[in-house]
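Please read it alongside the sequence and the structure.

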Amino acid sequence: MPSSTSYWSRVLGLLGLLVLVPLSAAAAESEAKPYPTCTREPTPNDVSAAKGAFDAGEVSFQEADYDRAILYWEDAFRRDCTAVKLLTNLARAYELDGQKANAVRALRSFLERRPESPDRPSIEKRIAALERQLEEERAPVAGAAAPAAAPAAAPAREEPAPEAESEASSGKPRWPIYLTGAGVLAAAIGVPIWVDGQSKVDYYKDLCPSDGQTPPSNVCPPTQDVTAAENQQAATDAVQQRNFGAFATIVGGGVAVAGGIVWYLLWSAEPSSPSARAKSPPSPETSFQPVVSPGYSGFQWSGTF
């Protein structure tokens, strides 16, 4: 049973992603970065990773968790920039999440890369409708700035915008969701490492008998093509792997439970203002649309009742 430094590097890299992805998700929500030019063909590993990210995003989309769906689909498109149809999926998720500017950006990028698309007329109408909505949202802000130039007897108290008031009064932070997800993924990685490490420990217990001394220790004999020292080191690595897997599983499970409890307590609390209680979150419109991704194509139905 060989030992490898690269094995632990991969494990630590996966755990690092668990920390970086949730922490960067909130900052990525509001960024409007242009999509880079697609200048390379994806490798088979890129296509496989992109398909996994797409499938995860589709699950989140069906659960109306549009923020997470956007996170997964942006990652899928970054890995395989030839899957241009993904941009229409991203545009739909952005639109349902209220990010109209990003939806327009995704649709325009799709038309730039697929100008011969038969869906071009409908997509152009969709872009025009979104831009019209953006103009209507900006118009009240511009109109409210005009009276400020007129002289007034006393300075008027600045009122928060309706969107800001609703967001501030809801009191529903998103970090518990990311914390719960990170804990679940850490536990999911830790379990197979734990099980594999325990099986190696059991193997070396049978291979390396106790020397009968006090305190007892196990002495590993040489085997075919493997020296006694190598077997001894592999047995030590097996114990470390088992302990690491157990630690990741227990800590990840604890983090997931703690995040779930905080999530439940914060998200089940009553809004702090009457206006926030009167407003309910917008429901996504029912839609039936084609879905194309690396290695997958079909149709997707979404809606509420």
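Of the contacts in the protein chain with a separation of 6 or more, 66% come from residues 24 or more positions apart, in what is a predicted model. The chain holds 10 helices and two strands, and their order from the N terminus is α-α-α-α-α-α-α-α-α-α-β-β.

Helix α5, which spans residues 100-113, reaches 20 Å from its first C-alpha to its last, close to the 20 Å expected at 1.5 Å a residue. This helix is mostly covered, with 10 of its 14 residues buried, among them Lys100, Arg105, Leu107 and Phe110.

| Disulfide | S to S distance | Angle about the S-S bond |
|---|---|---|
| Cys38 and Cys81 | 1.9 Å | 60°, right-handed |
| Cys208 and Cys220 | 1.9 Å | 100°, right-handed |

Because Cys38 lies in the loop between α1 (5-29) and α2 (44-62) and Cys81 in the loop between α3 (66-79) and α4 (86-96), this pair ties together parts that are 43 residues apart in sequence. Cys38 counts as partly exposed at 29% relative accessibility, whereas Cys81, at 15%, counts as buried.

Cys208 and Cys220 both sit in the loop between α8 (175-207) and α9 (228-267), 12 residues apart. Cys208 is buried with a relative accessible area of 1%, and Cys220 is buried with a relative accessible area of 5%.

Technical notes: Residues are numbered from 1 along each chain as its sequence is written. This is a predicted model: local features need pLDDT of at least 70, side-chain atom pairs count only at pLDDT 80 or more; totals for chains, interfaces and linings use all residues. Side-chain values use heavy atoms; hydrogens and water are left out. Helices (H or I, at least four residues) and strands (E, at least two) are DSSP runs, numbered from the N terminus. Contact means heavy atoms within 4.5 Å. The expected span of a helix is 1.5 Å times one less than its number of residues. Buried means under 20% relative accessible area, exposed over 50%, partly exposed in between (1.4 Å probe, protein chains only). A disulfide is a pair of cysteine sulfur atoms within 2.5 Å.
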